[in-house]
Amino acid sequence: MSSQHMNDQIHQYLDEELSGPQREEFEAHIATCAECQGELKAMGGAIQLLTKAEWVKAPAGFTENLMAQLNTMHPPKRNWRVPIMKYTGVAAAVLLVFGLGVSLTAPSKFALQADNTQGLVVADNKVIVPAGTEYNGDITIENGDVEVRGKVNGNVTALNGKVYRTAGADISGETEEVDQAMEKIVFYAKRVWNGLVQ
């Protein structure tokens, strides 16, 4: 018999799975083979130790501590798309609410917002900066037009209106015409932001 075959026979012998004639043949071989006797003794001793051994219970929190250590060694990968998707929805909702607020609160009548009205001519939903005059400050018109013939040292903005310049007109700041809903939202957001910053 080969040693590998006997190794299998040793397992079957210890598990009492050999038939009568197999068992007799195995015991006859073991009686004459020192190598198989040593193998049988080693396996039998190991089985006796295992059967006598007591079950050892893991200490409290063993699994949690092990998992925590594994996570620090190989932290789980996070899906970067989930927070972006979540915040995109929130940003869209905020923008929608803000846009509705702007559209509901935006005046539909002519309105003039200026640092002062000295030197300005206001008539028929139109503000005129006369030729030869100089206006210092920003001018914002809602639902009307601005006609600059002189000089403006500031920004000129028309919401739902136009900014006209005649020959010789001078505007030192920015000129802006805001007609679209999105542009109005951006305009009011900038105004709120500037109010918060100042």
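**Entry 1: Lys151 and its partner.** I looked up Lys151 and found it partly exposed, with a relative accessible area of 31%. The model I am reading is predicted. Lys151 forms a salt bridge with Asp170, the closest N and O atoms being 3.9 Å apart. This pair links distant parts of the chain, as Lys151 sits in strand β7 (residues 151–153) and Asp170 in strand β10 (residues 170–171), 19 residues apart. Asp170 is likewise partly exposed, at 33%.

**Entry 2: other salt bridges.** My search of the whole structure returned 5 salt bridges. I noted that shared partners join Lys126, Glu147 and Arg149 into one network. Within it, the side chains of Arg149 and Glu147 meet at 2.6 Å, N to O. Glu147 is buried, with a relative accessible area of 13%, whereas Arg149 is partly exposed at 33%. I then turned to Arg23 and Glu27, whose side chains form a salt bridge at 3.5 Å, N to O. These two residues are separated by about one helical turn, because they lie 4 residues apart in helix α2 (residues 20–32).

**Entry 3: the largest pocket.** I recorded about 430 Å³ of space in the largest pocket. Its lining has 18 residues, and Asp138, Thr140, Asn155, Phe187 and Asn194 lie nearest the centre. I found that α6 gives the most to this lining, with 5 residues. By class, the lining residues divide into 4 nonpolar, 8 polar and 6 charged.

**Entry 4: a surface patch.** I looked up a nonpolar patch on the surface formed by Phe62, Leu66, Met67, Leu70 and Met73, which together have about 480 Å² of accessible area. Phe62 lies in helix α4 (residues 62–73) and is partly exposed, with a relative accessible area of 44%.

How values were computed. Residues are numbered from 1 along each chain as its sequence is written. This is a predicted model: local features need pLDDT of at least 70, side-chain atom pairs count only at pLDDT 80 or more; totals for chains, interfaces and linings use all residues. Side-chain values use heavy atoms; hydrogens and water are left out. Patches are made of residues with over 30% relative accessible area and no salt bridge: like charges are joined within 9 Å, nonpolar side chains (Val, Leu, Ile, Met, Phe, Trp, Tyr) within 5 Å. Accessible areas come from the Shrake-Rupley method with a 1.4 Å probe; for residues, only the protein chains shown count as cover. A salt bridge is a side-chain nitrogen of Lys or Arg within 4 Å of a carboxyl oxygen of Asp or Glu. Buried means under 20% relative accessible area, exposed over 50%, partly exposed in between (1.4 Å probe, protein chains only). On a 1 Å grid over the protein atoms alone, a cavity is a set of points where a 1.4 Å probe fits but cannot get out, and a pocket is an open set with protein on both sides within 12 Å along at least five of seven lines; lining residues have an atom within 4 Å of a point. Grid points are joined across faces, edges and corners, and a volume is the space filled by probe spheres set on the points. Ala, Val, Leu, Ile, Met, Phe, Trp, Tyr, Cys and Pro count as nonpolar, Asp, Glu, Lys and Arg as charged, and the others, Gly among them, as polar.
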